[in-house]
Structures are given as C-alpha cells and as structure tokens.
Amino acid sequence: MDQRTQMEALLHDLGQPLLAIRLNAELLMHSLGESGSDASKKKIQAILHASQESMDIAAQLGKLDIKK
C-alpha cells in the first residue's frame with residue numbers, strides 16, 4: 001500500500017467515528033427537545049462543534065495530501 005492510499009484509508013477510518021459522534025449528539029439533542037437543561041444542551045453543542053472541527057481538520061489533511 002503506497003503512502004497516499006494509506007493516508008486516505010486512515011482519514012476514512014478517522015472520519016467514521018467522528019461522524020457517528022456527531023450523529024449521536026444530534027439524536028440526543030433531538031431526544032432532549034424542550035426537556036433538556038441548558039447545561040446539557042450546551043455540552044451537546046460543544047460536542048457537535050468539536051466533532052465538526054475535527055472533521056474539517058481531517059478534510060484539510062486530505063487536501064494537503066492530494067496537493068503533494
């Protein structure tokens with residue numbers, strides 16, 4: 001396996017749990033609806049934000065690898 005293929009596979013493997021975390025946080029937020037406390041909602045929002053940042057960084061890494 002060449003380095004580019006390995007990098008793509010690792011980025012894909014990284015993206016899968018990040019996407020699952022985001023999906024689960026969105027489902028949790030939806031399940032809480034109006035009944036969730038503001039503190040809980042803020043923590044879930046932080047998880048959503050962090051997972052999006054992580055996915056963005058992974059995408060940027062992929063673009064850097066392609067430019068080489």
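This report covers the helices, salt bridges and surface of one predicted model.

## Basis

The model is predicted: local features need pLDDT of at least 70, side-chain atom pairs count only at pLDDT 80 or more, and totals for chains, interfaces and linings use all residues. Residues are numbered from 1 along each chain as its sequence is written, and side-chain values use heavy atoms, with hydrogens and water left out.

## Helix α1

Helix α1 covers residues 3-32. Helices here are DSSP runs (H or I, at least four residues), numbered from the N terminus. The 30 residues of α1 should span 44 Å at 1.5 Å a residue. The end C-alpha atoms of α1 are 44 Å apart, which agrees. The expected span is 1.5 Å times one less than the number of residues.

The buried residues of α1 are L11, L18, A25 and M29. Buried means under 20% relative accessible area, exposed means over 50%, and partly exposed lies in between (1.4 Å probe, protein chains only). G33 follows α1. Its phi is positive, near 50 degrees.

## Salt bridges

The whole structure holds two salt bridges. The term means a side-chain nitrogen of Lys or Arg within 4 Å of a carboxyl oxygen of Asp or Glu.

One pairs E8 with R4, with the closest N and O atoms 3.4 Å apart. E8 and R4 are four residues apart in α1, so about one helical turn separates them. E8 is partly exposed at 42% relative accessibility. R4 is also partly exposed, at 41%.

R22 bridges to E26, with the closest N and O atoms 3.3 Å apart. R22 and E26 also lie four residues apart in α1, so about one helical turn separates this pair. R22 is partly exposed at 22%, and E26 is partly exposed at 36%.

## Helix α2 and its surface

Helix α2 covers residues 38-67 and includes L61. L61 is partly exposed, with a relative accessible area of 36%. I57, L61 and L64 make a nonpolar surface patch of about 270 Å². Patch residues have over 30% relative accessible area and no salt bridge; like charges are joined within 9 Å, and nonpolar side chains (Val, Leu, Ile, Met, Phe, Trp, Tyr) within 5 Å. Accessible areas come from the Shrake-Rupley method with a 1.4 Å probe; for residues, only the protein chains shown count as cover.

I47 also sits in α2. I47 is partly exposed, at 41% relative accessibility. Leaving out residues up to four places away in sequence, I47 touches I21 and A25. Contact means heavy atoms within 4.5 Å. I47 and Q3 are 44 residues apart in sequence and 31 Å apart in space, C-alpha to C-alpha.

Note on methods: Helix = DSSP H or I, 4+ residues; strand = E, 2+ residues; numbered from the N terminus.
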